[in-house]
Amino acid sequence: MNIRQLSYFIAIAEAQSLSAAAQKLRIAQPSLSQHLVKMEGELGLKLVKRSPRGSTLTAEGEVLLVHALDICAKLDHCVSEMRELSGDIRGTVRFGMPPSVSMVMSVPLAETVRLELPKVRLRASEAMSGFIKGWIADGTVDMGFLYDLQEVENFDAIHVLDEHLFFFSAPDAWPLRSKPGTPVPMQALEQLELVLPGKSHGLRRIIENAAGRARVNLNVVTELDAMTQIKEIVARGSGYSIFSPAACYDFVEAGRLLKAPIIDPVISRPVYLVHNAAVVQTRACRKVQQLTLNIAREMVHRNIWEGRLVDEKTA
């Protein structure tokens, strides 16, 4: 069995008719029938059932179709990548980012790609981590940032950093006796009215787990699964919140929010750069991945993305 036979078989399966498949392939129908008979003879299996209404796959044919599609797609990708080696890096790279990461990464990454890879088109999409996992799995995006690796399969991940979470208040509504902006003990959060995402949100789970370990009962008065709206409420002095500094960088720079590190204990979450291991990365994807890691390091060194760099491969 060879690639031509597999491509002919895919055409038959998609057209559900030998005559329609032959027309699409621009070969004579008897010739296509001979290819099919030869395949079935080599395998000793019936692959296609013919009837006056067309052609349908047998159970064995359905199995072959899955693998044939994968083999032909990988061959096409291989040929494309080999051709790329002889020219400039080009193509589209689709990137998924959670809103808090997008706040610090999307603009510098877009500018860097445009400058260093002028023939590469970056398409960044913003979504919650759960959606990005699905996008990476089904090929909607080529890579993305995730905060956890639970319920994922066949993902290659680089543990980029452990991101610290901070306490946020309106500058004129600092609630504690300590100096505004100074470290806030976890125990002090118990008396404050907090605005946080719902309990199904990954950030909320991390905060609740840290509070549980510190035996602190949080007073969550409002739940919103919308980062911008939470920041707006807190900036108005109508509550307090816990976020990564990256998520609130714009409000802090504008003087609308005041941040303070949380201590006893420090709360942090891992940030991973992930792609689907089952998909061969293009040169463009590999280059964008490296640029992303470089920018992330720079953001951490400049204290724009506050956390501890790790930058290592993770199973």
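Trainee: In which loop does Pro265 lie?

Mentor: Please keep in mind that this is a predicted model. A cis peptide bond joins Asp264 and Pro265, with omega at about 5 degrees. Pro265 itself lies in the loop between β12 (258-263) and β13.

Trainee: Which value is phi of Arg26 near, and is Arg26 buried or exposed?

Mentor: Most residues other than glycine have a negative phi. Arg26 is placed in the loop between α2 and α3, and its phi is positive, near 60 degrees. The cut-off for exposed is over 50% relative accessible area. At 79% relative accessibility, Arg26 therefore counts as exposed.

Trainee: What is the relative accessible area of Arg215?

Mentor: Arg215 lies in the loop between α7 (202-213) and β10 (219-223). Its phi is a positive value near 60 degrees, in a residue other than glycine. Arg215 is exposed, with a relative accessible area of 74%.

Trainee: How are helices α2 and α3 oriented to each other?

Mentor: Helix α2 (residues 18-25) and helix α3 (residues 29-43) have their axes 9 Å apart and pack at an angle of about 110 degrees. Angles of 65 to 115 degrees count as roughly perpendicular. The two helices, α2 and α3, are therefore roughly perpendicular to each other.

Trainee: How many nonpolar, polar and charged residues does the contact of α2 with α3 have?

Mentor: From α2, Leu18, Ser19, Ala21, Ala22 and Leu25 take part. They meet Gln29, Leu32, Ser33 and Leu36 in α3. By class, this contact of α2 with α3 has 6 nonpolar, 3 polar and no charged residues.

Trainee: How many aromatic pairs are there, and why is the pair of Phe167 and Trp174 classed as it is?

Mentor: The count comes to 4 aromatic pairs. The ring centres of Phe167 and Trp174 are 5.8 Å apart, and their planes stand at 75 degrees. Planes over 60 degrees apart meet the cut-off, so the pair of Phe167 and Trp174 is edge-to-face.

Trainee: How many residues apart in sequence are the parts that Phe167 and Tyr240 tie together?

Mentor: The rings of Phe167 and Tyr240 have centres 5.7 Å apart and planes at 25 degrees, so this pair is stacked. Both Phe167 and Tyr240 are buried. Phe167 belongs to strand β7 (residues 166-169), whereas Tyr240 is in the loop between α8 (227-235) and β11 (241-243), so the parts tied together are 73 residues apart in sequence.

Trainee: Which charged end sits over the ring of Tyr147?

Mentor: The charged group in question is 3.6 Å from the centre of the Tyr147 ring.

Trainee: Is Ser129 buried or exposed?

Mentor: Ser129 is found in helix α6 (residues 129-138). Leaving aside neighbours within four places in sequence, Ser129 is in contact with Pro98, Phe145, Leu146 and Tyr147. At 15% relative accessibility, Ser129 counts as buried.

Trainee: What is the relative accessibility of Lys133?

Mentor: Lys133 is also found in helix α6. Not counting residues up to four places away in sequence, Lys133 touches Leu146, Asp148, Gln150, Val152 and Phe155. Lys133 counts as buried, at a relative accessibility of 16%.

Trainee: What is the relative accessible area of Gln281?

Mentor: The place of Gln281 is in the loop between β13 (268-276) and α10 (283-301). Beyond its neighbours within four places in sequence, Gln281 is in contact with residues including His77, Glu81 and Met143. Gln281 is buried, with a relative accessible area of 14%.

Note on methods:
Residues numbered from 1 in each chain as written. Predicted model: local features only at pLDDT ≥ 70, side-chain atom pairs only at ≥ 80, totals over all residues. Heavy atoms only, no water. Phe/Tyr/Trp six-rings, centres within 6.5 Å; stacked < 30°, edge-to-face > 60°. Helix = DSSP H or I, 4+ residues; strand = E, 2+ residues; numbered from the N terminus. Buried < 20%, exposed > 50% of the residue type's maximum accessible area, 1.4 Å probe, protein only. Lys NZ or Arg CZ within 6 Å of the ring centre and 35° of its normal. Axes fitted to C-alpha atoms, helices over the stretch in contact; angles between N-to-C directions. Parallel < 35°, antiparallel > 145°, perpendicular 65-115°, else oblique. Contact = heavy atoms within 4.5 Å. Nonpolar A, V, L, I, M, F, W, Y, C, P; charged D, E, K, R; others polar.
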